[in-house]
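Hello,

Here is the structure we talked about handing over. Please open it alongside the notes that follow.

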Amino acid sequence: MSIDSLSTLQCIAGIAAATSAAAILYNKHQAAPATKDGIPLPLGPPARWFWENAFPASNIARTLADWVVDHGPIMSLRQGSRVIMIVGRVDAATEIMEKEGMALVDRPRLIASGELVSGGMRLLLIGSGERFCCLRKAIHPYLQPKAAETYQEMQRDAARDVILDILNDPKHHIKHAQRYADSVILRLTYGKSTLTSDDNPEVVRIHEVVRNILAAMRRGAYLVDRIPLLKYIPGYGRVLKKYHKFELALFRDQLGRVMDDISKNEASPSFGRTLLENTHEHQLSNDEMAYLAGSLFGAGSDTACSTASGIMILILAVACHPEAQARVQEEMDTVVGKDRAPTFEDWNQLPQLHAFISEALWRPIVPLGFAHHATKDVIWRGQCIPAGATVFGCHWAISRDPIAFPDPETFDPQRWLDPTAQLRTDMRFFTYSFGRRACPGIHVANRSLYINFALLMWSFRIMERPDAPIDVNVFTDAVNSRPAPLEAEFVPRMEEHKLREMMEGM
């Protein structure tokens, strides 16, 4: 036998041996689920290559929701030595993400978005520890319920402008919703007056910041999150570092302007002003303060708690479900009438309106949720979420829980009401995430959604256009999901001149 033939046979034998070893490892993994101290980890989909079952690359949340149906309320995925847990049902989310929340306050290491883009200073992405506690403590007083009540007049005025904008230009209702979110958060964060145009340079820059961070946060977008050593290779992450430089400059500029206004005794009330006037209490560096204020601006504009996305989802739901819309408007006519517009004082008298909002936002803005890091073992019903695991409370899967939400694909606001037609107290959805990682702006965001939806329902019948049917299943496949652009008819529920006069007189 020639040397070449022998080499060929050795190569074939080597491949066969490697294939056999792979099959043994694969079958071993299939037959014996991993355990921790004798307690099994939740099951998951079969491994596709040795011990790894890949995280979906696209349509992530919906794919995971399908897998939860097959594998149970919590399931495990593996990527090399990493364990990823998916929580996909309401009872599991309540008992794990909420009741065991202290074990899940931490974030996994997020190198692309958390370190290279954010410099370890973005509240949403940093891990638990002293910096997280300081940032959370600094922002909490400005967003707690009593503080949120003081912003209601500003929110009402901006929501009134949305109605006037729709009267003037109904085709661009999406732009008007975005303008509302930008206007309110710019004023709340930096004390700036309401926007006069949607091409405001600062807003253009913050939208670029949002696009950059969402791109960096997309799971699997950057290999450095799986191979941390890449961070230290010269030249790697040049684009991510450019993003960081851009947003840090913007955040410094904005807070610097507030500082200048304070020195001139011209500063309007704002979160930035509060930060700067209380540096001795929170003991944050100038860049940490700049990032905290800038992160609030970005979140309010278009990320975790995006008001604009929420308004867009509500408009879609209203246009596609006229019977549910009619119930809300019948309630509005009884409680509010036609001689005045709804206000925050009507909040507790409009259960149909609140039920509609709850049902619409049960189509979640952040379908996958954000990653948590388990700092200790969590045992749930005989299964172990091990310390060190990455844990996602998958909002899309949770919202499809057939036990908590019977017939989950049917749009049914009445599920949120009790037999007396009042809001149920035994039912909730995790719109704003979980535990101490819940969005700190929840109270401001809820008030924005309420006043916008109340004024929209009082002012217009919103209808799907026969020549532009709406596909309720088309949402962007992104960290922050929103409906595809849609067209709708906004028909005033009174004479247009009267509605305009009432809005202008608010």
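**The sheet**

Strand β3 is mostly covered, with five of its six residues buried. Keep in mind that this is a predicted model. Strand β4 is mostly covered as well: five of its six residues are buried.

Both strands belong to an open sheet of four strands. The order is β3-β4-β8-β5, and the pairing is mixed. The edges are β3 (74-79) and β5 (372-373), each of which pairs on one side only.

Start with β3 and β4. They pair in the antiparallel sense over six bridges, with β4 covering residues 82-87.

- Isoleucine 74 stands opposite valine 87 in β4.
- Leucine 77 faces isoleucine 84 in β4.
- Glutamine 79 is across from arginine 82 in β4.

The hairpin of β3 and β4 has two residues between the strands. In this hairpin glycine 80 takes a positive phi, near 65 degrees.

Now move on to β8. Strands β4 and β8 run parallel and are joined by four bridges. Isoleucine 84 has a bridge partner in β8, namely threonine 390. So much for the pairing itself. In general, strands of a sheet pair through backbone hydrogen bonds, either parallel or antiparallel.

**Helices on the sheet**

Which helix lies across β3 and β4? Helix α2 (residues 60-71) does, running at about 115 degrees to β3. Helix α3 (residues 90-98) also packs on the sheet. Helix α3 touches β3, β4, β5 and β8 (390-393). The direction of α3 makes about 130 degrees with that of β4.

**Aromatic contacts**

The count comes to 13 aromatic pairs. One of them joins tyrosine 142 and tyrosine 151. This pair is tilted, at 5.4 Å centre to centre and 40 degrees between the planes. Tyrosine 142 and tyrosine 151 are both buried.

Tyrosine 142 also forms an aromatic pair with phenylalanine 271. That pair is tilted too: 5.3 Å centre to centre, with 45 degrees between the planes. The pair links distant parts of the chain, 129 residues apart. Tyrosine 142 is in helix α5 (residues 130-143), and phenylalanine 271 is in helix α11 (residues 271-277).

Why does tyrosine 142 count as buried? Its relative accessibility is 12%, and the cut-off for buried is under 20%. Phenylalanine 271 is buried because its relative accessible area is 0%.

Elsewhere, Phe405, Trp416, Phe429, Phe430 and Phe434 form one aromatic cluster.

**Charges over rings**

Two arginines deserve a look in the viewer. Arginine 400 lies over the face of tryptophan 396, at 3.9 Å from the ring centre. The charged end of arginine 447 sits over the ring of tryptophan 347, 5.9 Å from its centre.

**Two single residues**

The UniProt record, an unreviewed entry, lists Cys439 for "binding site". Where is cysteine 439 found? Cysteine 439 is in the loop between α17 (395-399) and α18 (442-459). Is cysteine 439 buried or exposed? Cysteine 439 counts as buried, because its relative accessibility is 15%.

Glutamate 277 has its place in helix α11. Helix α11 is also where phenylalanine 271 lies. Glutamate 277 counts as partly exposed, because its relative accessibility is 41%. Phenylalanine 271, by contrast, is buried at 0%. Glutamate 277 and methionine 259 are 18 residues apart in sequence. In space they are 9.3 Å apart, C-alpha to C-alpha.

That covers the handover.

Best wishes

Key:
Residues are numbered from 1 along each chain as its sequence is written. This is a predicted model: local features need pLDDT of at least 70, side-chain atom pairs count only at pLDDT 80 or more; totals for chains, interfaces and linings use all residues. Side-chain values use heavy atoms; hydrogens and water are left out. Rings of Phe, Tyr and Trp (its six-membered ring) pair if their centres lie within 6.5 Å; planes under 30 degrees apart count as stacked, over 60 as edge-to-face and the rest as tilted. Buried means under 20% relative accessible area, exposed over 50%, partly exposed in between (1.4 Å probe, protein chains only). A charge sits over a ring if NZ of Lys or CZ of Arg is within 6 Å of the ring centre and within 35 degrees of the ring normal. Two strands pair if DSSP finds at least two bridges between them. Contact means heavy atoms within 4.5 Å. Axes are lines fitted to C-alpha atoms, for helices over the stretch in contact, and angles run from 0 to 180 degrees between N-to-C directions. UniProt positions are given in the numbering used here, feature names are shortened, and annotations may be inferred rather than shown by experiment.
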